[in-house]
Amino acid sequence: MRAPFSQQLQEAARFIQENDRFLVISHVNPDGDAIGSTCSMACMLDKLGKSFVMVNEDRVSKRFTVIPRSDQIVGRSEQGLPEGFQAVIAVDSADFDRIGQTKALLSEGTPILNIDHHPTNDGWGSVSLIREDAASTTEVLFALCQELQIPLDEELATCLYAGLMTDTGGFRFSNTTVAVMRTAADLMEAGVNATRLSEGLMGTMTKGQVELLKHALQTMEYASEGRIAWISIKEEEIAELVEDPTDTEGLVNYPRSIQGVEVGLMFKQVDSERVKVSLRSKDVDVSAIAQSFGGGGHVKASGCTFQGSLEDAVSQVVRKVQEAL
Ligand SMILES: [Mn+2]
């Protein structure tokens, strides 16, 4: 059981007020909400006069350059990793493993504030601020800004908006609530250039991404009279076509978007023993399916890593989805 959100907000605010020299981290293969949340947190800490450093295991994709401060996120493999930080703020990371190798930076007893919106978040860390019905982690951070009485400016609002927009699929998914639209309006009022952000984050593809999409669509397969559809790609094919491994983001929406399809899947073969599976549904609870394979996520958008061959991943995961239909 989580504490009431208002109580979690007070505890999170106290955590930030009582600490300094923060390490701000998020999950591997960061998406728009992970980057947006990391950079929002940086803006917030700056306004509170706190020092911080942002680190991610993976290099930040060029796709995110429209998010202010995203160029200041230090990659794990780069020089200049922080020393002597006092406390950690982890954003958009449902479990400890999601932060990847950055966990090597943490020592026993480092206080951690865990800010997230994934229902499968187990409340890891010393203090958590989790709202499962928030559309994005930045929506949670918007509430934290109000709690800490941090005024919005264009930079902070842009970072918050980036997470809100990308995690709602451009304000299209079912998590696009009235509250989300009100928050988006507040953020626009604070100076967000919404057109520029949606063009940069959602309306642009590299040529490599288009080639990857052409290839992925040719692998489309169906089951259960077209109620399940999936695409399968191999990591080496991805590496040939795109610079950035996170450029596969959004591909899974193609099988999901087909008329009559209830669950869309993407199988990404990492090596002969591991297959990353993305699950997107219109109604079915795919987080339960992902969890049965050791993964997690949201009811309609989840993921897991399957241990085994691509063929086994397809047959076992599709069978589980069929059982859930
Ligand atoms: Mn998120």
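This is a predicted model: local features need pLDDT of at least 70, side-chain atom pairs count only at pLDDT 80 or more; totals for chains, interfaces and linings use all residues.

Modeller: Let's start at a hairpin: strand 9 and strand 10 form one, with two residues between them. Residues are numbered from 1 along each chain as its sequence is written, and side-chain values use heavy atoms, with hydrogens and water left out.

Eight bridges hold strand 9 and strand 10 together in the antiparallel sense, where two strands count as paired if DSSP finds at least two bridges between them. One spot to look at is Gly264, which stands opposite Arg280 in strand 10. As for cover, eight of the nine residues of strand 9 are buried, so the strand is largely enclosed by the rest of the structure. Buried means under 20% relative accessible area, exposed means over 50%, and partly exposed is in between, with a 1.4 Å probe and protein chains only.

Strand 9 has another partner too: strand 8 (residues 228-234) runs parallel to strand 9 (residues 263-271), and seven bridges join them. Along that pairing, Ile228 faces Val263, and Ser232 has Phe267 as its bridge partner in strand 9. Helix 11 (residues 310-324) packs on the sheet, touching strands 7, 8, 9, 10 (274-281) and 12 (301-307), and its direction makes about 155 degrees with that of strand 9. Touching is judged by contact, meaning heavy atoms within 4.5 Å. The angles run from 0 to 180 degrees between N-to-C directions, using axes fitted to C-alpha atoms, for helices over the stretch in contact.

Now the whole sheet around the hairpin. Six strands make up this open sheet, in the order 7-8-9-10-12-11, with mixed pairing. Its edge strands, strand 7 (221-223) and strand 11 (296-297), each pair on one side only. In general, strands of a sheet pair through backbone hydrogen bonds, either parallel or antiparallel.

Six strands form an open sheet in the order 3-2-1-4-5-6, and here the pairing is parallel. Strand 3 (74-75) and strand 6 (127-130) are the edge strands, each with pairing on one side only. Inside it, strand 1 (residues 22-25) runs parallel to strand 4 and is joined to it by four bridges, with Leu23 bridged to Val88 in strand 4. Helix 1 (residues 5-18) lies across strands 1, 4, 5 and 6, at about 130 degrees to strand 6. Helix 2 (residues 32-47) packs on the sheet as well, touching strand 1, strand 2 (52-56), strand 4 and strand 5, with its direction at about 170 degrees to that of strand 2.

One last stop is Gly100, in the loop between strand 4 (87-91) and strand 5 (112-116). Gly100 is buried, with a relative accessible area of 9%. Setting aside neighbours within four places in sequence, Gly100 is in contact with Val28 and Glu57. The C-alpha atoms of Gly100 and Asp58 are 9.1 Å apart, although 42 residues separate them along the chain.
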